[in-house]
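Good morning, colleagues. Please look at the sequence and the structure on the screen while I speak.

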Amino acid sequence: GSPSESHIYGLVLGVLAGEPQHRKICFALFDTMRERAVSLGLEAYNSIMRAMADTGQWAEALGLFDRMLKENVEPDSRTYDIVIALHQSQRDDVRMASEDRKAATGNNTAAARRRARSKR
């Protein structure tokens with residue numbers, strides 16, 4: 001793909017990624033770009049990583065960040081904001097899952113203390 005083709009695809013990805021109702025089309029276009037070996041610019045990477053983050057595809061978005069670095073695309077502050085948000089979302093998701101498991105098995109210490117106090 002030519003640089004102008006990459007730029008146009010990047011602009012379209014950015015528009016589609018910003019609209020939740022168009023994310024499936026965004027991901028399909030991204031897949032087509034990869035199949036056709038269209039090079040991705042910074043804006044395209046940022047747009048697709050943000051869309052992946054917004055749909056809970058954290059591992060995929062971080063993998064895309066790694067690919068971006070391997071292709072020598074220089075991240076900007078927006079890229080780093082996305083990566084930080086990805087790590088925060090993953091951490092929050094893991095913490096909530098752990099709390100849910102503890103609550104389901106009765107191993108939640110705060111809940112156990114409340115139950116013990118209520119029995120007194």
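I shall discuss confidence, then an aromatic pair, and finally one serine.

What you see is a predicted model. The chain has an average pLDDT of 83, and 83% of the residues reach at least 70. Where is confidence lowest, and where is it highest? The lowest mean, 59, belongs to helix 6, residues 109-119, whereas helix 4 has the highest, at 92.

How many aromatic pairs does the structure hold? There is 1. Its members are phenylalanine 65 and tyrosine 80, in an edge-to-face arrangement, with 6.4 Å from centre to centre and 70° between the planes. The term edge-to-face applies because the angle between the planes is over 60 degrees. Phenylalanine 65 sits in helix 4, residues 58-70, and tyrosine 80 in helix 5, residues 77-105; the two are 15 residues apart, and the pair links distant parts of the chain.

Are these two residues buried or exposed? With a relative accessible area of 11%, phenylalanine 65 is buried, because the limit for that class is under 20%. Tyrosine 80, at 41%, is partly exposed.

Let me turn to the serine. Serine 47 is part of helix 3, which spans residues 42-54. Its relative accessible area is 4%, so serine 47 counts as buried. Which residues does serine 47 contact, leaving aside its neighbours within four places in sequence? They are Leu13, Gly14, Ala17 and Arg78.

Thank you for your attention.

Note on methods
Residues numbered from 1 in each chain as written. Predicted model: local features only at pLDDT ≥ 70, side-chain atom pairs only at ≥ 80, totals over all residues. Heavy atoms only, no water. Phe/Tyr/Trp six-rings, centres within 6.5 Å; stacked < 30°, edge-to-face > 60°. Helix = DSSP H or I, 4+ residues; strand = E, 2+ residues; numbered from the N terminus. Buried < 20%, exposed > 50% of the residue type's maximum accessible area, 1.4 Å probe, protein only. Contact = heavy atoms within 4.5 Å. pLDDT = per-residue confidence, 0-100.
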